[in-house]
Amino acid sequence: MFSWMGRQAGGRERAGGADAVQTVTGGLRSLYLRKVLPLEEAYRFHEFHSPALEDADFENKPMILLVGQYSTGKTTFIRYLLEQDFPGMRIGPEPTTDSFIAVMYGETEGSTPGNALVVDPKKPFRKLSRFGNAFLNRFMCSQLPNQVLKSISIIDSPGILSGEKQRISRGYDFCQVLQWFAERVDRIILLFDAHKLDISDEFSEAIKAFRGQDDKIRVVLNKADQVDTQQLMRVYGALMWSLGKVINTPEVLRVYIGSFWAQPLQNTDNRRLFEAEAQDLFRDIQSLPQKAAVRKLNDLIKRARLAKVHAYIISYLKKEMPSVFGKENKKRELISRLPEIYIQLQREYQISAGDFPEVKAMQEQLENYDFTKFHSLKPKLIEAVDNMLSNKISPLMNLISQEETSTPTQLVQGGAFDGTTEGPFNQGYGEGAKEGADEEEWVVAKDKPVYDELFYTLSPINGKISGVNAKKEMVTSKLPNSVLGKIWKLADCDCDGMLDEEEFALAKHLIKIKLDGYELPSSLPPHLVPPSHRKSLPKAD
């Protein structure tokens, strides 16, 4: 096992969460430099696919990339999360954000232009210099001392327009830049406006640039409060249909519906839905720091597999080239036969078709190379990567799992994330099983007269009804037996197999909670315990 793993095991009691992250980061960097990078350099992987990874790529905070057409609320979404303005922020109904803006943490508020940003070794953007001044003049980093940014960084992208003119006038390959970011970020959020669901040609190409990163993609249907419930249902269906035409995967993308800005809702009919959706999205974002190491490990594995396949392709092309005459004709033939070559390599090396790069893009790139200058296959380099995938990943994964359990949960804090976790505005506060938690009177008491009438029709003996008689009434709810069994367990406070009138009222209350669409508690909260049973229960420490 690696020496860095031994050091981590020996010093775990002394190491804090930050040290643990650095140790895992060091392990990932070590694997990449010793096992994967030599294979990439031998077969020009960086020229065809992705630049070499640097220290900052392993050490940077989790990043979120926001992508969407103009006026879908990308910049407003960032403002909503941070609850403050950031340098370079411009919001308006017209196309306003014409630059990529990396919003990151800094002790003082300020901005750094693109040309200066790509020479900073502490930032993970050095390799963006290959896109030239046309891009760098449209790239900047906004830094500000915001609590949210201590855990994550956010990349705001230019609003996507439609038409060939906008694509050409950018002066750089917009989709290539998006692909570069997609390989390095932890989450890709596609924003849509409830009034503007059309996916333009450039937006479609941008989404296709995320091929292979489907697990990172989330969709936000923004400004959903501007339509009523019936329209929202139709808008959601239209969005899923449009996405299905662009993203060719059998899985349905996760779509979050809401109004992600700090203004009053225009239509409050779906307030509860919007709150639940916002909480789900917040939980997804808040989990990113804890899952960052796993994401980097996953990306390293994907990169290693692609580097292996690339080596097989390049070495095959080299082997097929004649030594003297007919090189150009052979090159054209090999490029045209690339789909057949893919199939041949899949069979020869037992490689999945999903590991191969896109045929058309590879054919276009190969036009610019002299195949005779490629390297032949070097088995030792392939073996090093195979050894890493077979023997080195599992111990590192175990180490990451140990650190996740031994260190406190790392969650994004500050900004909008704090506004939904405290006080009576926490999701579900005062609803379902939490209803009546801060009231002196037993919450079941208001409906107890109705429940008492039912109770006395079930032939109680000595003030209690049997399980058989209780079942006759409880099954009228049409809830499945598994749910009713849990309700019985919660309601039978003294565990005597019978229900008194308070326990029966509690059972009916829990049935109502479930029928209203709320989840049952795993154990009975103190405020739901019937008054006559509270003394018999052990007091909490």
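Colleague: How many aromatic pairs does the count come to?

Modeller: The structure is a predicted model, in which local features need pLDDT of at least 70 and side-chain atom pairs count only at pLDDT 80 or more, whereas totals for chains, interfaces and linings use all residues. Residues are numbered from 1 along each chain as its sequence is written, and side-chain values use heavy atoms, with hydrogens and water left out. Rings of Phe, Tyr and Trp (its six-membered ring) pair if their centres lie within 6.5 Å; planes under 30 degrees apart are stacked, over 60 edge-to-face, and the rest tilted. By this rule the count comes to 24 aromatic pairs.

Colleague: How many residues apart in sequence are the parts that the pair of Phe-135 and Tyr-172 ties together?

Modeller: Phe-135 and Tyr-172 form an edge-to-face pair, at 5.3 Å centre to centre and 70° between the planes. Helices (H or I, at least four residues) and strands (E, at least two) are DSSP runs, numbered from the N terminus. Phe-135 lies in helix H7 (residues 132-136) and Tyr-172 in the loop between helix H8 (164-169) and H9, so the pair ties together parts that are 37 residues apart in sequence.

Colleague: Which residues of H9 and H10 make the contact between these helices?

Modeller: Helix H9 (residues 174-184) and helix H10 (residues 201-208) pack at about 35°, with axes 9 Å apart; axes are lines fitted to C-alpha atoms, for helices over the stretch in contact, and angles run from 0 to 180 degrees between N-to-C directions. Contact means heavy atoms within 4.5 Å. On that basis, the contact is made by Phe-174, Cys-175 and Leu-178 of H9 and Glu-202, Glu-205 and Ala-206 of H10.

Colleague: What is the volume of the largest cavity?

Modeller: On a 1 Å grid over the protein atoms alone, a cavity is a set of points where a 1.4 Å probe fits but cannot get out, and lining residues have an atom within 4 Å of a point. Grid points are joined across faces, edges and corners, and a volume is the space filled by probe spheres set on the points. The lining of the largest cavity includes His-49, Arg-130 and Trp-180. The volume of the largest cavity is about 40 Å³.

Colleague: In which loop does Ser-71 lie?

Modeller: Ser-71 has a positive phi of about 65°, although it is not a glycine. Its place is the loop between strand E1 (63-68) and helix H5 (74-82).

Technical notes: On a 1 Å grid over the protein atoms alone, a cavity is a set of points where a 1.4 Å probe fits but cannot get out, and a pocket is an open set with protein on both sides within 12 Å along at least five of seven lines; lining residues have an atom within 4 Å of a point.
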